[in-house]
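Welcome! Take a look at the structure, then read on.

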Amino acid sequence: MRLYQAARLADDTVATDAYGADTFNVQYDPLSYAKIDGVAVKKRQISVAPTVTMPNRGAITIDGQPYLIGHGAPDYWHGERIRVNYVIQGADGLADLTSIADALAGTPPVTAYAALVFNRYVPNTDTSGKYPPQYQIFVDGGEQVPADSLVRLGGVLYLVKESYVSNSGLRIALANTMDDPTQETATFTASVYDPVTDQRADTPTSVEILRVKWQEHFSYLSKASETYERGDQQVFTLKTVTPQPSDTLTLSDGVWRVLSAQDEGATWSLHVRRA
């Protein structure tokens, strides 16, 4: 009992639930490898009494700095837990987490604390000699950031390629930055042929779209699928329209022709090319 009480003497740092107002005391320590690289610089360590319950969404603030919390590692003495240690990751701020369908529908995103860390440069030899960066976005393990979802952090929009829960308990999303313009209101023009009059009737409709480079989201369903070419793009739209090949989209940078449409559940994924 005396050791348990002594272990709490250094709990002199106040931590606050980053999403609320609940507070608790922790022992705050820098990690010994904190100066090794850019990722480690943002890591710290805390320990708490075993009676302390961590916030449900896994984020705290200490002296105004938000941190993400992973799994706890308990310390034992004679079979009794006397401390629980946590490695915490410094967060860069609140991020907006949403799906493509929700973004197009205008549904408010989920906000969550996140940390942005450079991962690697990805070759982009199909369109240029540049090497765009790919990032790791850290969030609490309970947050939802599946493949093809969107994350906005620090004013930059990212497309998630894949995500997984790491050994630390934090979820890591591998994400690429998206080039502007991304989301906008377009004019979708459906062209229907009337065999009686031997003419085509065009019906324009305003639709909300989100577009990405075709390399970010493509699949060949068969050998007959239209081959992607330089300059092509992939455009997402809700199923308020029914796209067909030869329909067009008028975007902020000109007219694009629909080559094919794939069913993505709540959205269509359109392979488009400049008309």
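Where is D63 found? D63 is found in the loop between β4 (59–62) and β5. Helices (H or I, at least four residues) and strands (E, at least two) are DSSP runs, numbered from the N terminus.

Before going further, a word on the model. It is a predicted one, in which local features need pLDDT of at least 70 and side-chain atom pairs count only at pLDDT 80 or more, while totals for chains, interfaces and linings use all residues. Residues are numbered from 1 along each chain as its sequence is written, and side-chain values use heavy atoms, with hydrogens and water left out.

## Confidence

The predictor's confidence in each residue is called pLDDT and runs from 0 to 100. For the protein chain it averages 88, and 91% of the residues score at least 70. Among the chain's elements, β7 has the highest mean pLDDT (98), and helix α1 (residues 2–6) has the lowest (61).

Two strands pair if DSSP finds at least two bridges between them. With that in mind, look for a barrel that 6 strands close in the order β1-β2-β3-β6-β5-β4, with antiparallel pairing. Neighbouring strands of this sheet are turned by 45 degrees against each other on average, direction ignored.

| Strand pair | Sense | Bridges |
|---|---|---|
| β10 and β11 | antiparallel | 4 bridges |
| β13 and β14 | antiparallel | 12 bridges |
| β13 and β16 | antiparallel | 3 bridges |

β13 and β14 form a hairpin with 4 residues between them, and D198 in the turn has a positive phi of about 55 degrees. V192 stands opposite A201 in β14, while the bridge partner of T189 in β16 is T248.

## The core and some individual residues

A nonpolar core is a set of buried Ala, Val, Leu, Ile, Met, Phe, Trp, Tyr and Cys residues joined through side-chain atoms within 4.5 Å. Buried means under 20% relative accessible area, exposed over 50%, and partly exposed in between (1.4 Å probe, protein chains only). The largest such core has 14 residues, of which A95, L97, A114, I137, V145, V151 and Y158 touch the most other members. Elements giving two or more residues to this core are β7 (93–98), β8 (110–121), β9 (133–139), β10 (150–153), β11 (156–165) and β12 (171–177). β9 gives the most, with 3 residues.

Contact means heavy atoms within 4.5 Å. Not counting residues up to four places away in sequence, A114 touches residues including L68, A91, I137 and L153.

Is G70 buried or exposed? With a relative accessible area of 16%, G70 is buried. This residue sits in strand β5 (residues 65–77). G70 and D140 are 70 residues apart in sequence and 7.5 Å apart in space, C-alpha to C-alpha.

In strand β15 (residues 233–238) you will find Q233, which is buried at 18% relative accessible area. The side chains of Q233 and R211 are joined by a polar contact of 3.2 Å; such a contact is a pair of N or O atoms within 3.5 Å, where within protein one must be able to donate a hydrogen and the other to accept it, and residues adjacent in sequence count only if both atoms are side-chain atoms.

## Backbone details

Most residues other than glycine have a negative phi, and most peptide bonds are trans. D63 has a positive phi, near 55 degrees, and is exposed, with a relative accessible area of 78%. D148, in the loop between β9 and β10, has a positive phi near 70 degrees and is partly exposed at 27%. Finally, the peptide bond from D180 to P181 is cis, with omega near -5 degrees, and P181 lies in the loop between β12 and β13.

Notes
Axes are lines fitted to C-alpha atoms, for helices over the stretch in contact, and angles run from 0 to 180 degrees between N-to-C directions.
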